[in-house]
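Please keep the sequence and the structure in view while reading.

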Amino acid sequence: MWISIKTLIHHLGVLFFCDYMYNRREKKIIEVKTMRITKVEVDRKKVLISRDKNGGKLVYENEMQDNTEQIMHHKKSSFYKSVVNKTICRPEQKQMKKLFHGLLQENSQEKIKVSDVTKLNISNFLNHRFKKSLYYFPENSPDKSEEYRIEINLSQLLEDSLKKQQGTFICWESFSKDMELYINWAENYISSRTKLIKKSIRNNRIQSTESRSGQLMDNYMNDILKEKEPFNIQSLSEKYQLEKLTSALKATFKEAKKNDKEINYKLKSTLQNHERQIIEKLKGNSELNQFNIEIRKHLETYFPIKKTNRKVGDIRNLEIGEIQKIVKHRLKNKIVQRILQEGKLASYEIESTVNSNSLQTIKIGEAFALKFINACLFASNNLRNMVDPVCVDDILGENIFESSFRKINQKNFIRQCFRYFSQTITDDNIEIAGWGLRGAIAPIRNEIIHFKNHSWKNIFNKPTFEGRAKTEFYYQDTLFKDFFNKEIATVPELIKEKLESSKILDYYSNDQLNQVFTIPNFELSLLTSAVPFAPSFKRVYLKGFDYQNQDEAQPDYNLKLNIYNEKAFNSEAFQAQYSLFKMVYYQVFLPQFTTNNDLFKSSVDFILTLNKERKGYAKAFQDIRKMNKDEKPSEYMSYIQSQLMLYQKKQEEKEKINHFEKFINQVFIKGFNSFIEKNRLTYICHPTKNTVPENDNIEIPFHTDMDDSNIAFWLMCKLLDAKQLSELRNEMIKFSCSLQSTEEISTFTKAREVIGLALLNGEKGCNDWKELFDDKEAWKKNMSLYVSEELLQSLPYTQEDGQTPVINRSIDLVKKYGTETILEKLFSSSDDYKVSAKDIAKLHEYDVTEKIAQQESLHKQWIEKPGLARDSAWTKKYQNVINDISNYQWAKTKVELTQVRHLHQLTIDLLSRLAGYMSIADRDFQFSSNYILERENSEYRVTSWIGFRNKNYKRHELYNIKDTSEPECVVVKENEQLQNNLQLLLSTLNYLEMFVWPLKKTEIKFHILITLTDS
């Protein structure tokens, strides 16, 4: 029986799953959104949108000059494409698109046969707006009277114009003259849209109290702080004539035919007609205008007109009561957005200089901070398992840690320390080790949890820690220095072990390996190459193999390759070849290839030239420009990345194949091949078994800049698993790209090296069952949770003697990281989860290798004869074979306890996700509470989540900004001002339904009275 995620969640006790994040029906807290920056290139310069409190503008990267007009002029061709896409609804009809592109742009006029267009049913290819007559007013019209209104019946116009074509091919001069009515409409449309976009860019300012909306939200906040209702939905509904609108909307909905695809457009048109009737009211009343905006959003949500979201909504969402309820929540969310944004800006102290760049920097920093917090929580949980597994409080708290340490099981602590550090701690060192581990995690957690600008050097380079009674110790004076230095000293040996395990030492001689190690600038490093959009080695090798060994009858690209000669992963020799290539790729090739302009440019030029010379396929990379002479590889890759993202988002051009990813792969495939040839390493392609071992004298070139200042961060990293370390390193790489200070960049480089050290030696399992269990009875009791007792005396749970326990990696993991407590409850709830004799019998029902061969044979038949898929007898046979293979794999996973490891990882992932939700909640609580307290003119600020029932608050929870004495805590009972501040803060959060359960107004006062006076 396989264990479902739902069952696991139930045993985790997390079915509540954070109401803060999953509130239904528009009640969710909306995070402050920074401006999405759409990256395109104009004149080979990347274009960004920059905005501040005064407005927005288009700028070139690394420039702040306003280039909106110039950029919009250069991008006019994009508007023509947009018009064609709005005219033609069937993107696969290329001839029709070419016809309209030629009408709008002379340089796009191609040879088109008249018969290729006239044979089509024209109306089927026109978008909905052109299926009947379209009316518009030219931009230069004096007014909107009937005499200036122009009508276009495009279907008839196009049909008549094509009939006038006498030749075989379209005559663009006469055809354009006949289609002038449409061309004028298109130019008029482009001109009006350009003006609207420019206006939108100018108005795209960061929220401020000076804007119309900002002033309204400011007034709402004042009312809330005075405990008044900020807006009256009923009164707004009457002024807006909402009842009249809902009646019209429901009538439109009911009149529409079943499954009418135009229904959402008709509803939007009904709303627009209503807006025209009350336009003067909307202009003069900002509150009513905001109410109208929320009505629009409501209709867009439940009756969308965009193709990607289009659906026929429920008429209940047009009821006046439903609209009022949802609009009320929307307006509250608008206030919440305002509070969070202002709180964020105040926290980062950038209110006066805020722009899109600063908001983007904050966003990147917060993503890194959230991952770092998650890592701290994971490490502190592992420390708790070592010191006091039953502790339910914050183990990093000084008093709680001291209390837990008094109850410590010394034998368990020593055993766990050995599993994390592979070194033994004596009884005399237990106290200093315990406090040292706490000192490595607590300062980082306490600093990073506050969302602000951090001193990263102080976070990563912590030389001291506090022991019991606040005694200060230096890490360099403790046993941890020896642990740290010994691990660094073992790096060359660990690398050698990896070379041995990957069979490299069995197939390459000393001279061959030394030739690799003496490549210029080669040095094995604990750092990973941080190259955006560089393909993985696996992709490079497998794609390279396909190119090198393609069918000569149907060649794709002849990249002139010779190193991708084999793909036999079941061969030891190939494993050695693949592993050595992989080491060269990551350790030498990537760092050099992505920084050496000549090497990178030669590969780019080769691929583009090759593509240009191909007959019939020269357009594949036509949209990719050449690399400039002085352009850095990182700058060119940034351009490729932006183009790749741009093309991926072009929903209106689905027929256009995105070749950018293919281009990137080819550049790196060719580049790596050239690099291997240049350094005379092609012998790697021909691994030969060594007859005599001769690898004892290999010198591993390794150097590190790590020193004693990194011990504390190394200790925290040792308490993380490989997945947590890899994710933290990835976020660290992203964040460090935004750093400007040389000192900070150096600090992060060393921190990444520390993570690399922890990863290299971090996932070693136990070698002896006695490292995990005190005796065989303890082993038997533990294993009986997962396996029926009658099976414990046989393989694969004991050795062939039936007595010596076999250490299972899954059991090792759940005991090391503490998930055993949760899984124990899960597995003990039903015997079906345990391995039984029936499960083992399933492994011997049939030969699975025969089944796999049978499946491969059937699949080959299907490829050769696709019609077999319609043969019910054949498909049933195929299905039965697949089911047999699947059943075997499930049984194998269960018998080998692999499912225990999967459940362990799933548990960690769920708990990490919950920790992430709470970190976001804590962040938003800080931002919103401090903004509200500032609006109250309070002297107090919160620094983390606080409870409203507390008798006093510690400094890391709440502090007085004017009290320079920095007391350890603030006593609520003795402070009337603080009581008033907290009362108003709670009532505001309750009204906005943030962080606390919503209470009725009469209940709020009683609740506040209890929380603030309870002693």
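**Buried positions, cores and charged pairs**

N382 has a relative accessible area of 0% and is therefore buried; buried means under 20% relative accessible area, exposed over 50%, and partly exposed in between (1.4 Å probe, protein chains only). The model is predicted: local features need pLDDT of at least 70 and side-chain atom pairs count only at pLDDT 80 or more, while totals for chains, interfaces and linings use all residues. Residues are numbered from 1 along each chain as its sequence is written, and side-chain values use heavy atoms, with hydrogens and water left out.

N382 sits in helix 18 (residues 356-387); helices (H or I, at least four residues) and strands (E, at least two) are DSSP runs numbered from the N terminus. Leaving aside residues up to four places away in sequence, N382 touches Y420, L719, K816 and Y817, where contact means heavy atoms within 4.5 Å.

The largest nonpolar core has 135 residues, and F372, F668 and F713 touch the most other members. Such a core is a set of buried Ala, Val, Leu, Ile, Met, Phe, Trp, Tyr and Cys residues joined through side-chain atoms within 4.5 Å. Helix 28 (residues 572-593) supplies the largest share of this core, 13 residues. Another core, of 64 residues, lies apart from it and includes I233, L288, L982 and L984.

Turning to charged side chains, the count comes to 42 salt bridges, each a side-chain nitrogen of Lys or Arg within 4 Å of a carboxyl oxygen of Asp or Glu. One of them joins D66 and R202 at 2.6 Å, N to O. D66 lies in the loop between strand 3 (55-60) and helix 3 (68-74) and R202 in helix 10 (residues 180-203), so the pair ties together parts that are 136 residues apart in sequence. D66 is partly exposed, at 35% relative accessible area, and R202 is partly exposed too, at 32%.

D839 and K894 form a salt bridge of 3.2 Å, N to O. This pair links distant parts of the chain, with D839 in helix 38 (residues 837-842) and K894 in helix 40 (residues 872-895), 55 residues apart. D839 counts as buried at 7% relative accessibility, as does K894 at 5%. Elsewhere, salt bridges that share partners join K344, E366, R923 and D924 into one network.

D924 belongs to helix 41 (residues 898-935) and is buried, with a relative accessible area of 2%. Its C-alpha is 6.6 Å from that of L340, although D924 and L340 are 584 residues apart in sequence.
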